[in-house]
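Please open the structure in a viewer and keep the selection tool at hand. The stops below are meant to be followed in order.

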Amino acid sequence: MPEIMINGPAGRLEARYHHEGRSENPIALILHPHPQFGGTMNNQVVYHLYYAFQKRGFSVLRFNFRGVGQSGGAYDEGRGEQDDVRAAIAYMKDRYPGLPLTVAGFSFGSAVGLRASCGDAEVERFVAAGAPVDKWKFDFL
C-alpha cells in the first residue's frame, strides 16, 4: 500500500493507493470523516472500506483532505474539500480512463463526496456510510 502525493487545489494531498494489477478492474475512492474531529484516511471505517474494495478486485485510493496529516492547505468547512474529492477523482480517471469508478465516504466524507460527485458522469456509484443527515442538508439529491 504505497503512499503517494496527489496535486490538489490547496496543495498536495497525502494518499494511500492499491493497484490491483489488471487494467480492466474497477476503481474506487474512499473518503474519511470530519477532519475537525480527528477524521483521517486511517480511520477504522475508512480502512475497512478500503480493504473491502481491494478484496473485491478494485484498485483503491484513500487520501487525507486538505490540512490533515501531510496534506497541504487548511480545513474549508466542506467547500474546498469537495475540490479535493474532484482532484482525487481526476487522479484515478487519468490513470484508468473508461473504467467504472465508485466513491465511498464515511460521515463527513459521504456528505462532501456526494456534493462533489453527484453530477459527475465519471462516478458510477456512491456508497454513503454513516451519512450525517442531522448535520448536513441533502436536498440536492
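Predicted model: local features only at pLDDT ≥ 70, side-chain atom pairs only at ≥ 80, totals over all residues.

Six strands form an open sheet with mixed pairing, in the order 1-2-4-3-5-6. Strand 1 and strand 6 are the edges; each has a single partner strand, so one side of each has no neighbour in the sheet. From one strand to the next, the twist averages 25 degrees. Zoom in on strand 5 and strand 6, which run parallel and are joined over six bridges. Within this pair, select Val-103 and find its bridge partner in strand 6, Phe-126.

Now bring back the helices. Helix 2 (79-95) lies across strands 1, 2, 3, 4, 5 and 6, and runs at about 155 degrees to strand 4. Helix 3 lies across strand 3, strand 5 and strand 6, with an angle of about 155 degrees to strand 6.

The largest nonpolar core comprises 29 residues, and Leu-29, Leu-61, Phe-63 and Val-85 have the most contacts inside it. Two or more residues come from each of strand 1 (3-8), strand 2 (11-18), strand 3 (27-31), strand 4, helix 2, strand 5 (101-106) and helix 3 (108-117). Which element gives the most to this core? Helix 2 does, with six residues.

Centre the view on Phe-63. Not counting residues up to four places away in sequence, Phe-63 touches, among others, Leu-13, Ala-15, Leu-29, Met-41, Val-85 and Ala-88, as well as the residues Glu-14, His-32 and Asp-84. Another core, of nine residues, lies apart from the largest one; Ala-28, Ile-30, Val-46 and Ala-104 are among its members.

For the last stop, select Arg-66, in the loop between strand 4 (59-63) and helix 2. Arg-66 has a relative accessible area of 9% and is therefore buried, the cut-off being under 20%. Where does its side chain lead? The side chain of Arg-66 reaches the backbone oxygen of Gly-80 at 2.9 Å.

Note on methods
Residues numbered from 1 in each chain as written. Heavy atoms only, no water. Helix = DSSP H or I, 4+ residues; strand = E, 2+ residues; numbered from the N terminus. Buried < 20%, exposed > 50% of the residue type's maximum accessible area, 1.4 Å probe, protein only. Polar contact = N/O pair within 3.5 Å; in protein donor to acceptor, adjacent residues only side chain to side chain. Core = buried A, V, L, I, M, F, W, Y, C linked by side-chain atoms within 4.5 Å. Contact = heavy atoms within 4.5 Å. Pairing = 2+ DSSP bridges. Axes fitted to C-alpha atoms, helices over the stretch in contact; angles between N-to-C directions.
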